Amino acid sequence: MTDTLTLSQIAYHFAPTLTLVVVGLLVLILGMLFPRMYRETLAAVVLFGFGIAVFYAVQNWSESVRLFHGMIIVDKFSNGFACLFVIAAGLTLLLSINALENTSLLVSEFFALIIFATVGMLLMAASAHLLTLFLGLELLSVSLYILAGFRRNDKYSIEASFKYFLLGAFASGFLLYGIALIYGSVGSASLTALAEAVKARDLLDTPLLTAGLALMAVGFGFKIALAPFHAWAPDVYQGAPTPIAAFMATGSKAAAFAALLRVVLASGMMTQAVWQQIFWVLAVITMTVGNIVALRQDNIKRLLAYSSIAHAGYILVGVIANNELGSSAVLYYLLSYTFMNIGAFGVVAFLSKTEDELVNLNDYRGLAFRRPFAAVAMAIFMFSLAGIPITAGFMSKFYVFSAAVQSGFLWLVILGVINSMISLYYYLGVVVVMFMQKSETAGEELALERLPAVGLALIIAVFGTLQLGIAPARWMEAFQDLARSVM
Amino acid sequence: MFDNLPILSLLIFLPLAGALLVSLTPRQQTGLMRGLTLGVTLLVFVISLPLFFSFDSSRIAFQFEERLEWIPAMRATYHLGVDGISLLMVLLTTFLSPLVILSSWNDIKTSVKGYLVSMLMLEAGMIGVFVALDLLLFYVFWEVMLIPMYFIIGVWGGQRKIYAAVKFFIYTMVGSLLMLVAILFIYFYYGKVTGTLTFDYVQIRELLFPENYQVWLFLAFGLSFAIKVPMFPFHTWLPDAHVEAPTAGSVILAGVLLKMGTYGFLRFCLPLFPNASLQFTPLLSVLAIIGIIYGAWVAMVQPDVKKLVAYSSVSHLGFVMLGIFTFTQQGLQGGLIQMVNHGLSTGALFLIVGMLYERRHTRAIADFGGLARQLPILTTFFMIATLASIGLPGLNGFVGEFLVLLGTFLTNKVYAAFAATGVIFAAVYMLWMFQRVMFGKLDKEENRNLVDLSKREIAVLVPVTAMMVLIGVWAQPFLGRMETSVDALIRTVHYRAAKVNDAPGLAPLDLGWTKEPPAAVAGE
């Protein structure tokens, strides 16, 4: 059926991705032609493009079309994720306007790379073939390698870029090796072929396929920052420019989860007790390592990095549940996480105007009395990350855990809950510092002028966090619809 | 005439709307903000009055019910309602809130806006806890109310406020997270047995859980309630939180928050897990008695008035727990009325201690003495509250303690004997404290220039004192409104506990005790 589509039809179905590609190229050209162009103008162009991409994704929402000889599948799942990625990228962009101020950074390249990374994410979520998946992943990763090292004069940034590159290359190697083995056992790298082969011959017992899936799992483990493959994350998040750290923690994690869900559902991995157990253990280790190490951080970016590791563990619980509720819970969690985590990094970006970022917890002492808006927003994000009701974080944890209870993983849920208790301590710590301690330093350093772009990003994030926490009904239904379309 | 008015929603959303209004007020306008808050809380109180006066005390079913879809995907509803058990708790909340705002009029000077917003959010959350009839909704209110309280202790508290606030938050949260798992388990278990998923309390209480499940579920729910009560040995957060919190925070903590724990036992543990409740009765009764006596003893040796009152709460809440777990009409009614009484008299004591502190900036008993002549009005109020707290006949405390002891005596004479010593100890530590603070020689120079209560302070104390006297001499309107619900609750527990083995899964509940009263009655 793919071959019967005309070029314009293909363009229509593929429009969100195409739009982003065009916008990315446009940004590069604009940057070349008008090197002195205002950041705001350029950002407006990009945001307009994002708007069009979302528009197209919503337009062909309920289609289910295979393109390019079955390499790409455009369905509710991919369109839903497209919206999520664009939201993450848009918020990141708004944050970057601030981060790029007073720096020698190349604005148009920075924006273009964010856009290309987003294209990579879109490809990952829409891939019906392992090679497309790999292609998307590499496009995303290479963009992020560069973005992580964008603060060229900062040694931490260089270190972040280098570390991320080396470990990312390893991860890609694992993934590719895994793909090769799967190809070897199935005879095709198409996810449909994989699903059919598994169904027909119960291939899951063959060592070749098992090895392939295991290697892929390791690759995904790196990308999602599951323990024990998480070691790069804190250093990279710390060194990367704050908006990029936010982008990595949300967008690229969401993309990896999207791809993981596709592979897991196609291969039927989670119907097997062994795989469930392996992921069970991975989830518990990830949550525990993330939360316990986060307890001892006094650099807020590192704290958020470890918290992000822990959250990957919670999200994985939804994958393990392996039911409709679980898949939609993963989607719900990823969207919530996008708002609250970009929000939290956003506050950091909000307060760090220059290249010297304010990342030490001590810098946040008494913030509530100097910049109440930022402090209240940060408190909301912290409560949300801790999973306290009326925030998105509560609803998504609740949703993930209920999926797991439904599948009978009561102990996994109890361990998750215990982890939530641990995490409470460090999230509260941030609130304590901001609200309950008087600042020792004068308020001068933080006397910044108004920053509309970051402010806007924060307002959107706060709104999303509360909306998803108080009135989750429509979102949950939409995500259940998405989950049903892919299962 | 109020039939079409969603009173309960108004009670929840008016404070929230007030909070929004206050947060939009310019920062310098503290007077306006205080006025707004007071106005809103007063309005909420007025709106809550019809609950009391048009409550039909002969009906068992929930009244003033409201029900809307909340999360259709999970079948969670926005379901509210009150019965005889929650009615007085809601009124206690709406009654204390304006008084608390008025009492802290000059008390709070930094970040007034944040304080008032927290107070209003707290009120909304507390009312929500008492009226929610959906397990998930209940949980949301239960947790979310922690946030404003956390800020109230942590931002406007005393010396060790951070320690107290974090301890308070983590203690309560740790308990309640397991409750969340239990709620999820109930949700899916109900779905498995009946084929429909729901969080609706009214539907879920139709379900009788197998005995071994009941034990675990009881423990998961009970832990969070026991921490909140606080039951010995989970009480250690309470003295810290009470002492460090600002006066208003202490009043709300003692007046309402602690009641959420005992309310939780009444609302969830007893009817949903009757067998486990009966099974755990000896343990909980003994812990309650330890709480009564231990709280009293520790209170006795406190050099700090506020700490003394805080420990007396441990003792008083022990009485409530003891009463509840007698499963007798007298004990349960006594426990419920004692929940109100403790809110009033301990609330009043905290208010008075706060007033003393505002004057002298100390709470050490040793710093006072002979204040009676200097502060006659304050002394009068203090005396009434003290006497109410120790259960003098004619004041509210007597009614509750008497009923609790009566109920206990009917079920277990040994428990009653031990609990009764708590009453004596209470008289000792309260009167001794009162004597050292108010009587004797006025030998401290600083105490000579103290001014007596202002009109505002009198306005705060008069309503509380009036209520204490009213309940003391005419408790019938209050007891009458809870009678049917309490009766139904006791019958349910006994009836269903006996049925647990015949019908795992669904067991009739409402019909069971209205049409043919089962034989099992209290006191046998």
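A polar contact is here a pair of N or O atoms within 3.5 Å, where within protein one must be able to donate a hydrogen and the other to accept it, and residues adjacent in sequence count only if both atoms are side-chain atoms. By that rule, 2 residue pairs are in polar contact across the interface of chain A and chain B, both at pLDDT 80 or more. The model is predicted, so that local features need pLDDT of at least 70 and side-chain atom pairs count only at pLDDT 80 or more, while totals for chains, interfaces and linings use all residues. Residues are numbered from 1 along each chain as its sequence is written, and side-chain values use heavy atoms, with hydrogens and water left out.

The table describes the interface, with contact meaning heavy atoms within 4.5 Å, buried area being the accessible area (1.4 Å probe) that two parts lose on being put together, summed over both, and a salt bridge being a side-chain nitrogen of Lys or Arg within 4 Å of a carboxyl oxygen of Asp or Glu.

| Interface of chain A and chain B | Value |
|---|---|
| Contact residues, chain A | 37 residues |
| Contact residues, chain B | 33 residues |
| Area buried | about 3,100 Å² |
| Salt bridges | 0 salt bridges |

Carbon and sulfur atoms give 87% of the buried area, and F398(A), M421(A) and M436(A) supply 21% of the area that chain A buries against chain B, more than any other three residues.

Leaving aside neighbours within four places in sequence, K228(B) is in contact with residues including W142(B), M145(B) and W237(B).

Notes
Chains lettered and ligands numbered in written order.
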